[in-house]
Amino acid sequence: WRLRRHGFTLVELLVVIAIIGILVGLLLPAVQAAREAARRMQCGNNLKQIGLALHNYESAYKVLPFGKGASYAGAPVFARWSQHAMILPYIEQTALYNSIDFRSPPDTPGMGGVVPFMPAYSNASGVNAAGSRTPVPGFFCPSDMPPSDIWQAQNNYVGNQGGWLCDRSDQPGAATDVSPSETQTGVFYYLSKVKFAGVTDGLSNTVFFSEK
């Protein structure tokens, strides 16, 4: 008797490869859509956690955190702490919050363009170098996590400052006020101390944070 040899012919192998390729082509968009849906859900959860943090902050201090803190002598006016830093203890980032020395300004990235705008600033003492550069996962949309070669303390969630792109001025009502007739309509602005009771449109009708 003769031993029978088992195997695939070249045609059969090519057919199998073609079928696998078709299946991958059909399944890949579905897998990508599922992943993006999961990221969208995580992004919504990040905003929910920020909302809860604001509620807990207001419960503890009876006001919402300021949108931009006071300036520091010897530092540029844009090197200040924001509401993001203030709510760190309420998004399970107490260790990072405790590592920050709020008596000194944060390090900030440079903002460029056609005209150099807000050049990078680093505190000479380096006291807040680590705290200023620590990425907080809850501040990033999963679809937009930063690569390692850019400023790590950026975020995808911005507070409602109102109708102005920037503050009216650092001292509303002073001679340096850029527009004395205007009033702040947002929730987070320079040294703001907004209470929930002061949100006259109603909390459910007001956007506090949004994704950017």
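Accessible areas in this report come from the Shrake-Rupley method with a 1.4 Å probe, and for residues only the protein chains shown count as cover. By this method the chain has an accessible surface of about 14000 Å², of which 60% belongs to carbon and sulfur atoms. The structure is a predicted model, in which local features need pLDDT of at least 70 and side-chain atom pairs count only at pLDDT 80 or more, while totals for chains, interfaces and linings use all residues. Residues are numbered from 1 along each chain as its sequence is written, and side-chain values use heavy atoms, with hydrogens and water left out.

**Overall fold**

The chain contains four helices and two strands. Helices (H or I, at least four residues) and strands (E, at least two) are DSSP runs, numbered from the N terminus. Read from the N terminus, the order of elements is α-α-α-α-β-β. Of the 212 residues, 30% count as buried; buried means under 20% relative accessible area, exposed over 50%, and partly exposed in between (1.4 Å probe, protein chains only). Contacts, defined by heavy atoms within 4.5 Å, can be sorted by separation in sequence. Among the contacts with a separation of 6 or more, 55% join residues 24 or more positions apart.

**Core and surface patch**

A nonpolar core is a set of buried Ala, Val, Leu, Ile, Met, Phe, Trp, Tyr and Cys residues joined through side-chain atoms within 4.5 Å. The largest such core has 30 residues, and L54, L64 and F208 have the most contacts inside it. Helix 1 and helix 2 (83–86) are the elements that give two or more residues to this core, and the largest share, five residues, comes from helix 1. Leaving aside residues up to four places away in sequence, L54 touches L64, P65, I87, F188, F196, F208 and F209.

On the surface, a nonpolar patch of about 1100 Å² of accessible area is formed by V11, V15, V16, I19, I20, I22, L23, V24, L26, L27, L28 and V31 together. Patches are made of residues with over 30% relative accessible area and no salt bridge, with like charges joined within 9 Å and nonpolar side chains (Val, Leu, Ile, Met, Phe, Trp, Tyr) within 5 Å. A salt bridge is a side-chain nitrogen of Lys or Arg within 4 Å of a carboxyl oxygen of Asp or Glu.

**Individual residues**

The following table gives the exposure of selected residues.

| Residue | Relative accessible area | Class |
|---|---|---|
| L23 | 46% | partly exposed |
| K62 | 54% | exposed |
| D101 | 17% | buried |
| E182 | 34% | partly exposed |
| L191 | 39% | partly exposed |

D101 lies in the loop between helix 3 (94–99) and helix 4 (129–133). The side chains of D101 and R103 are joined by a polar contact of 3.0 Å. A polar contact is a pair of N or O atoms within 3.5 Å; within protein, one must be able to donate a hydrogen and the other to accept it, and residues adjacent in sequence count only if both atoms are side-chain atoms. Not counting residues up to four places away in sequence, D101 touches W81, V127 and N128.

E182 is placed in the loop between strand 1 (157–159) and strand 2 (209–211). Its C-alpha lies 9.9 Å from that of G163, and E182 and G163 are 19 residues apart in sequence. L191 belongs to the loop between strand 1 and strand 2.

Most residues other than glycine have a negative phi. Phi of L191, however, is positive, near 50°. K62, in the loop between helix 1 and helix 2, also has a positive phi, near 70°.
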